[in-house]
Amino acid sequence: MKIETRDFGTMEISEEQILEFPNGIYAFEDAKRFALIELEKGHYPAWLQCIDDIRPCFIVFDPWLICKDYEITLNSGEKAMLEVSEKTNLQVLCIARVPEDYKETTVNLKSPIVINMDTKKAAQVILPKNYPYRQPIFKNNINETEKEG
């Protein structure tokens with residue numbers, strides 16, 4: 001399938017790259033289908049590109065690259081929506097804010113994207129733990145004492 005992207009022009013994507021967000025992403029609730037674009041598998045940044053519109057498009061990172069002790073807690077409603085079981089293969093990504101000076105890039109550790117890689121269902125969740133909404137990525141990795149409280 002060919003899609004128009006914000007950052008790469010027209011791209012060919014496979015069905016396995018398409019993620020369904022039943023509730024959309026915060027502030028983009030009408031955007032339900034995104035492609036996960038990884039320029040190199042497992043390397044970051046990656047992109048979440050809406051496949052029905054050129055916008056929205058988000059740059060995303062693996063949160064464990066920024067916070068080694070990062071923890072995900074899903075409530076029962078989130079687990080049901082994502083069809084999570086004990087054997088579910090989950091992927092977690094954090095949306096980045098990239099200003100003109102890329103060295104000031106931050107990621108939202110408080111509201112990650114959680115993806116059921118088996119069903120390709122995804123959701124942005126708000127974690128109960130006090131993670132920052134804007135954690136700098138080019139400074140030292142976050143630790144327990146740096147978390148917002």
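Visitor: How much space lies in the largest pocket?

Guide: Please note at the outset that this is a predicted model. As a general idea, rolling a probe the size of a water molecule over the atoms shows where empty space is left. In this structure, the largest pocket holds about 160 Å³ of space.

Visitor: Which residues line the largest pocket?

Guide: The lining consists of Ser14, Glu16, Gln17, Leu19, Leu36, Glu38, Lys41, Met117 and Lys120.

Visitor: What radius of gyration does the protein have, and what would a compact globule of 149 residues have?

Guide: A compact globule with 149 residues would have a radius of gyration near 15 Å, and the protein, at 15 Å, agrees with that. Along the principal axes, the C-alpha atoms fill a box of roughly 45 × 40 × 30 Å. As for burial, 45% of the 149 residues count as buried.

Visitor: Let us turn to the cysteines. How many disulfides does the count come to?

Guide: In general, a disulfide is a covalent bond between the sulfur atoms of two cysteines. Here the count comes to 0 disulfides. Cys67 is in no disulfide, and the nearest cysteine sulfur, that of Cys94, is 9.0 Å away. Cys94 is likewise in no disulfide, its nearest cysteine sulfur being that of Cys67. Two sulfur atoms would have to lie within 2.5 Å to count as a disulfide.

Visitor: Is Cys67 buried or exposed?

Guide: Cys67 is buried, since its relative accessible area is 0%. Cys94 also counts as buried, with a relative accessibility of 0%.

Visitor: How many aromatic pairs does the structure hold?

Guide: There are 7 aromatic pairs in the structure. One of them joins Trp64 and Tyr70, with 5.5 Å from centre to centre and 85 degrees between the planes, and this pair is edge-to-face. Planes over 60 degrees apart count as edge-to-face, which is why the angle decides the name. Of the two partners, Trp64 is partly exposed, having a relative accessible area of 31%, whereas Tyr70 counts as buried at 4% relative accessibility.

Visitor: Why is the pair of Tyr70 and Tyr131 called tilted?

Guide: The planes of the two rings, Tyr70 and Tyr131, stand at 50 degrees, with the centres 4.7 Å apart, so the pair is tilted. Tyr70 belongs to the loop between β6 (57-61) and α1 (76-82), while Tyr131 belongs to the loop between β10 (121-124) and β11 (135-136); the pair therefore ties together parts that are 61 residues apart in sequence. Tyr131 counts as buried, at 1% relative accessibility.

Visitor: Which residues do ring pairs link into a cluster?

Guide: Phe21, Phe28, Phe34 and Phe58 are linked into a cluster by ring pairs.

Visitor: My remaining questions concern the backbone. Where is the peptide bond from Tyr44 to Pro45, and is it cis or trans?

Guide: The general idea is that most residues other than glycine have a negative phi, and most peptide bonds are trans. In this structure, the bond from Tyr44 to Pro45 is cis, with omega near 15 degrees. Pro45 sits in the loop between β4 (33-37) and β5 (46-50). Another cis peptide bond runs from Arg55 to Pro56, where omega is near 10 degrees. Pro56 is in the loop between β5 and β6.

Visitor: Is phi of Ala27 positive or negative?

Guide: Phi of Ala27 is positive, near 75 degrees, in a residue other than glycine. Ala27 occupies the loop between β3 (18-20) and β4, and Ala27 is exposed, with a relative accessible area of 64%.

Visitor: What phi does Lys120 have?

Guide: Lys120, although not a glycine, has a positive phi of about 70 degrees. The loop between β9 (113-116) and β10 contains Lys120. With a relative accessible area of 19%, Lys120 is buried, since buried means under 20%. Lys120 is also one of the residues that line the largest pocket, with which this dialogue began.

Definitions and conventions:
Residues numbered from 1 in each chain as written. Predicted model: local features only at pLDDT ≥ 70, side-chain atom pairs only at ≥ 80, totals over all residues. Heavy atoms only, no water. 1 Å grid on protein atoms, 1.4 Å probe; cavity = no way out; pocket = protein on both sides within 12 Å on 5 of 7 lines; lining within 4 Å. Points joined across faces, edges and corners; volume = space filled by probe spheres on them. Buried < 20%, exposed > 50% of the residue type's maximum accessible area, 1.4 Å probe, protein only. Phe/Tyr/Trp six-rings, centres within 6.5 Å; stacked < 30°, edge-to-face > 60°. Helix = DSSP H or I, 4+ residues; strand = E, 2+ residues; numbered from the N terminus. Rg over C-alpha atoms; globule rule 2.2 N^0.38 Å.
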